[in-house]
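Here's a quick tour for anyone meeting this structure for the first time. Have a look at the picture, then follow the notes below.

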Amino acid sequence: MHKWPKKRTQYPLISLVFFIFIVFSILYNEINIQEIHSKHTTHHGDDSSSLAKEQDDPLFQSTHTVNFTLPRKPPVPLDKSSACQSTVKYSGKRAEWGSFKPEAGGRREMPEKCDYFSGEWVYDNSSHPLYKESECPYMSDQLACHKHGRQDLEYQYWRWQPHNCNLKRWNVTEMWEKLRGKRLMFVGDSLNRGQWISMVCLMQSVIPADKKFMTPQAHLSIFRAEEYNASIEFLWAPLLVESNSDDPVDHRLSERILRPDSLLRHSSEWMHADILIFNSYLWWRQGPVKLLWSSEENGVCEEIDGVGGMELAMEAWANWVDSNVDPAKKVFFVTMSPTHFTKGEWEPGSEGNCYNEKLPISGTYWGIDSDLPTMQMVERTLARLGSKVNVLNITQLSEYRKDGHPSIYRKFWEALTPERLADPASYSDCIHWCLPGVPDVWNELLFQFL
């Protein structure tokens, strides 16, 4: 241990003590500054109580010249257990998206010389169906109508014929070449899933068994053709934005809750695709929905009607398209798929629905379930995007096909009571479409425009 000389020091003892105090204060200051800096740059130590103590410390205040604000906690992801703490009427709030910059020339609704969406259904049992139900190993039991008892197969033999031109003849090899090295992704609800299954059934037959793979997942299902380095995928996103109905299996909920300003759950998946086919309509026809904004911290929801909710979701989706789509990425939006629940619309005075219907509707027809205000809202939204989005206008051509639904000829997941079984119309599915059938034509149109 070092001993101080006993001779009188040059400075008074009090000066030495003061010097040591100054050095100690500087070192203490520096250590605290480094600790605070470490917490901020590594994003550790997020405990709000300890941070509040630091901010109250005079040392903290004296060494920081800027105000530090706690970042807002990310909202809890919505799932089937999500619930509103309370509900109020819609306030009129809208998300603050960037301004749209429509391209010159406006939206293109496909080809320039012919309206492929105006035409008629022609019976053609020589070229249709384009595949056999029993030969598609990826067929869904909800859409396999012949397998589940439907004996009249005429619904498979109708071909769409535009009035003033012809559709390009389906060529599966050419379609695969269009997809070589690419990801084709359908995004939406069960109707878009039906179109995805249709596309897989149209495409899978030319791929050797050891070169094709199906990887069904909870959120994203993928069919992959190895030799083309290509995939045909389906992403479950029935409301486009994040919602409590995003489980592709368990989504039968009494209350629909969505975040109209949040797409990330779905867009983080679809952003990597090269060709995107979106749809959204059916789920907005089931009554009011609840809005839970990302900034809402107390669980207060706002209630809005279905069309209004869909408009907010479409705005969020359109903002993503406007901000992220470049010429290398093709985006399609499929218009509403019609339902046929009211036979009196196409046969006045009759009761019933699509059950036991075997022929398309002839002449001009537009069903009441195809809501014109909704279509007009979608039209306005798409118009703002210019040529960044192509429209598959399948509504009118599908309106004629009252015969194309599964009705009772599908697998039902819930048990049917004897009373319902005695009344087939009471449980008929007049929403989805048998395969082979109408969705194949939607994909023929897609082939035309790629």
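Two strands count as paired if DSSP finds at least two bridges between them. With that in mind, G188 stands opposite W236 in β7. Keep in mind that this is a predicted model.

- Picture an open sheet of 7 strands with mixed pairing, in the order β5-β6-β7-β4-β9-β12-β13.
- Which strands stand at the edges? They're β5 (212-215) and β13 (390-392), and each has a single partner strand, so one side of each is left without a neighbour in the sheet.
- Going from one strand to the next, the twist averages 15°.

**Who pairs with whom**

- Strand β7 (residues 230-236) runs parallel to β4, and the two are joined over 6 bridges.
- β9 and β12 also pair in the parallel sense, over 4 bridges; here L276 has V331 in β12 as its bridge partner.
- β12 pairs with β13 too, again in the parallel sense, over 3 bridges. F332 has N390 in β13 as its bridge partner.
- β12 is largely enclosed by the rest of the structure, because 4 of its 5 residues are buried.

**Helices on the sheet**

- α5 lies across β4, β5, β6 (220-225), β7, β9 (275-278), β12 (330-334) and β13, and runs at about 165° to β7.
- Helix α11 (residues 438-449) packs on the sheet as well, where it touches β4, β9, β12 and β13. Its direction makes about 155° with that of β13.

**Where α4 meets α5**

- The axes of helix α4 (residues 172-179) and helix α5 (residues 190-203) come within 9 Å and cross at roughly 115°. That makes α4 roughly perpendicular to α5.
- On the α4 side the contact uses V172, M175, W176 and L179, which meet M199, L202 and M203 in α5.
- What classes of residue are in the contact of α4 with α5? There are 7 nonpolar residues, with no polar and no charged ones.

**The buried face of α4**

- The buried residues of α4 are V172, M175, W176 and L179. Seen down the helix axis, they fall within an arc of 100°, so they line one face of α4.
- Here's the general idea behind that: an α-helix has 3.6 residues a turn, so residues three or four places apart point the same way.
- The cover over these buried residues of α4 includes β4, α5, β6, β7, β9 and α11.

- R183 sits in strand β4 (residues 183-188). Is R183 buried or partly exposed? R183 is partly exposed, with a relative accessible area of 24%.
- R183 and E233 are 50 residues apart in sequence, but their C-alpha atoms are 7.3 Å apart in space.
- Beyond its neighbours within four places in sequence, R183 is in contact with L220, S231, E233, E269, H272, A273, D274 and I275.
- L220 lies in strand β6, and at 5% relative accessibility it counts as buried.
- From L220 to E269 is 49 residues in sequence and 8.2 Å in space, C-alpha to C-alpha.
- Setting aside neighbours within four places in sequence, the contacts of L220 are R183, M185, T215, E233, F234, L235 and E269.

Definitions and conventions: Residues numbered from 1 in each chain as written. Predicted model: local features only at pLDDT ≥ 70, side-chain atom pairs only at ≥ 80, totals over all residues. Heavy atoms only, no water. Axes fitted to C-alpha atoms, helices over the stretch in contact; angles between N-to-C directions. Parallel < 35°, antiparallel > 145°, perpendicular 65-115°, else oblique. Contact = heavy atoms within 4.5 Å. Nonpolar A, V, L, I, M, F, W, Y, C, P; charged D, E, K, R; others polar. Buried < 20%, exposed > 50% of the residue type's maximum accessible area, 1.4 Å probe, protein only. Arc of directions from axis to C-beta.
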